[in-house]
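Okay, everyone, thanks for coming. Let me put the sequence and the model up, and then I'll walk you through a few spots.

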Amino acid sequence: MTPLMSDITVNGETITAALIASEAQNHPAPRSKPGMPWMAAARALAFRALLLQKARSMGLVPEPRQVAEGQYETDEEALIRQVLDVALDPAEPSQQDLRAAYEAAPDRWRAPTLYEAAHILFPVRPGDGAALATASTAAGAVLAELQRDPRGFERLAREHSACSSRDNGGRLGQLISGDTVPEFETVLDELAEGSITPEPVLTRYGLHIIRLDARAEGAILPFEAVAPRIREMLEKAAWAKAGREFMAELAREAEVTGITLVAA
């Protein structure tokens with residue numbers, strides 16, 4: 001067993017290599033970094049151990065809460081939540097903080113953008129290389145025909161699209177930000193009005209030939225309208241920062257072998 005795949009200890013508590021290997025299945029595994037899932041799993045289990053040790057030292061008794069219909073926290077999940085509830089007390093953002101966040105990036109607080117668009121869909125299931133090749137050929141042929149005569153879009157949508165919008169010549173009606181998948185919406189933001197994508201666009205549903213008919217960018221909303229959203233954003237950021245600082249403090253005070261939890 002290599003040093004990377006060995007037991008670790010947290011204040012004398014052993015976390016076995018087998019347990020880390022099991023947890024590693026829940027973490028992404030980039031091909032270029034095969035050891036990343038192991039390290040992520042080891043860190044996650046080490047910090048979990050630190051939190052549970054802290055709960056025991058505080059004398060906390062688990063009080064599981066319902067997280068969904070008929071589903072409750074485990075005792076360990078409850079203890080971790082209770083530790084964080086007691087330990088973390090980030091400052092509430094002031095009205096001045098809210099105003100500063102608003103004025104720093106006013107474009108972030110716009111009403112949804114409105115789009116009118118049409119598309120021709122060639123369906124492909126994710127990971128189906130053969131279907132993607134077939135769809136690419138079909139989409140390429142239709143796109144070449146559109147480049148010769150863009151006025152044929154509605155006819156070609158009725159003949160080739162796998163979307164129910166084909167009955168309406170591919171027209172999707174009025175869309176707002178968030179109505180479509182991100183890849184599709186990115187194209188709607190980039191296309192000039194009245195233009196058609198120069199290449200088919202791949203999403204989880206397949207290949208699309210997209211035409212943007214109109215786009216109306218939402219106006220910047222007044223501060224009063226978005227202040228609750230800004231407060232929620234700042235509260236979450238403050239909670240996350242406090243959580244990172246608390247975990248770093250626990251790690252600095254701990255005796256840990258087999259893994260480094262905080263930078264020297």
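His 208 sits in strand β8, residues 206-216; strands here are DSSP E runs of at least two residues, helices are H or I runs of at least four, and both are numbered from the N terminus. Quick caveat: this is a predicted model, so local features need pLDDT of at least 70 and side-chain atom pairs count only at pLDDT 80 or more, while totals for chains, interfaces and linings use all residues. Residues are numbered from 1 along each chain as its sequence is written, and side-chain values use heavy atoms, with hydrogens and water left out.

So, is His 208 buried or exposed? Buried, because its relative accessible area is 4%, and buried means under 20%, exposed over 50%, partly exposed in between, with a 1.4 Å probe and protein chains only. Its side chain makes a polar contact with the side chain of His 119 at 3.0 Å; that term means a pair of N or O atoms within 3.5 Å, where within protein one must be able to donate a hydrogen and the other to accept it, and residues adjacent in sequence count only if both atoms are side-chain atoms.

Now the helices. α2 (residues 36-57) and α8 (residues 223-253) have axes that come within 10 Å and cross at roughly 85°. Axes are lines fitted to C-alpha atoms, for helices over the stretch in contact, and angles run from 0 to 180 degrees between N-to-C directions. In contact terms, heavy atoms within 4.5 Å, Phe 47, Leu 50, Leu 51 and Lys 54 of α2 meet Phe 246, Met 247, Leu 250 and Ala 251 of α8.
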